[in-house]
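Here is a friendly note to read alongside the structure. Please keep the view open and follow the points in order.

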Amino acid sequence: TPVTNSIFNEDKTLHNLSIGIPCLSEDMVGFYQGNSFWLGTSYHDVDVIGDYFVIDGFFEDIPAPLSLRFNSSTYSVVLEDAVNTGFFHTTYNAYIWVRQSSTPGTYDPCAKQIKANLNYYIPNVGSFGDQVETFTIF
């Protein structure tokens, strides 16, 4: 419908106006593809519980999920406590554990991607080094 009986001030120019909808940490729920040192390519349900991303099925040998605490101010993620992966390394006669590496991981709620910086190790034996575990919405 045409605009009638209106007065426009033609001296004003509308410049690039961008209205964005914020991407929230709470919107990270979904089905993700993992590309990781631990599992290679894998698929996981990711849930948000409080301030944790809960990644189901990451540890194949135990029923516990990988739970990463996120900080929505810095977009960082950390594994707060070391976790026994449940995988027994027969060469060293011990289980492989995982802990947070020296730097926090990151996440991008708009791209729906999580990058966890983790360190796999065998207590009293050594480390497999810091690894980046990446999860992207599928």
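1. A disulfide here is a pair of cysteine sulfur atoms within 2.5 Å. The structure holds 1 disulfide, and it joins Cys23 to Cys110 with an S to S distance of 2.1 Å. The link of Cys23 and Cys110 is right-handed, with 110° about the S-S bond.

2. A word on where this comes from: the model is predicted, with local features needing pLDDT of at least 70 and side-chain atom pairs counting only at pLDDT 80 or more, while totals for chains, interfaces and linings use all residues. Residues are numbered from 1 along each chain as its sequence is written, and side-chain values use heavy atoms, leaving out hydrogens and water.

3. Strands (E, at least two residues) are DSSP runs, numbered from the N terminus. For accessibility, buried means under 20% relative accessible area, exposed over 50%, and partly exposed in between (1.4 Å probe, protein chains only). Cys23 is partly exposed at 27%, whereas Cys110 is exposed at 55%.

4. Now to the rings. Rings of Phe, Tyr and Trp (its six-membered ring) pair if their centres lie within 6.5 Å; planes under 30 degrees apart count as stacked, over 60 as edge-to-face and the rest as tilted. The count comes to 12 aromatic pairs. One of them is Phe58 with Phe59, whose centres are 5.2 Å apart and whose planes are at 75°, so this pair is edge-to-face. Phe58 and Phe59 are both buried.

5. Phe70 and Tyr107 are edge-to-face too, with centres 5.7 Å apart and planes at 65°. Phe70 sits in strand S4 (residues 66–71) and Tyr107 in strand S8 (residues 105–108), so the pair ties together parts that are 37 residues apart in sequence. Both residues are buried. Together with Phe53 and Tyr75, Phe70 and Tyr107 form one aromatic cluster.

6. Two asparagines deserve a look at the backbone. Most residues other than glycine have a negative phi. Asn93, however, has a positive phi of about 55°; this residue is in the loop between strand S6 (83–89) and strand S7 (94–100). With 59% relative accessibility, Asn93 is exposed. Asn124 has a positive phi of about 65° and is found in the loop between strand S9 (113–122) and strand S10 (126–137). Asn124 is exposed as well, at 85%.

Key
Helices (H or I, at least four residues) and strands (E, at least two) are DSSP runs, numbered from the N terminus.
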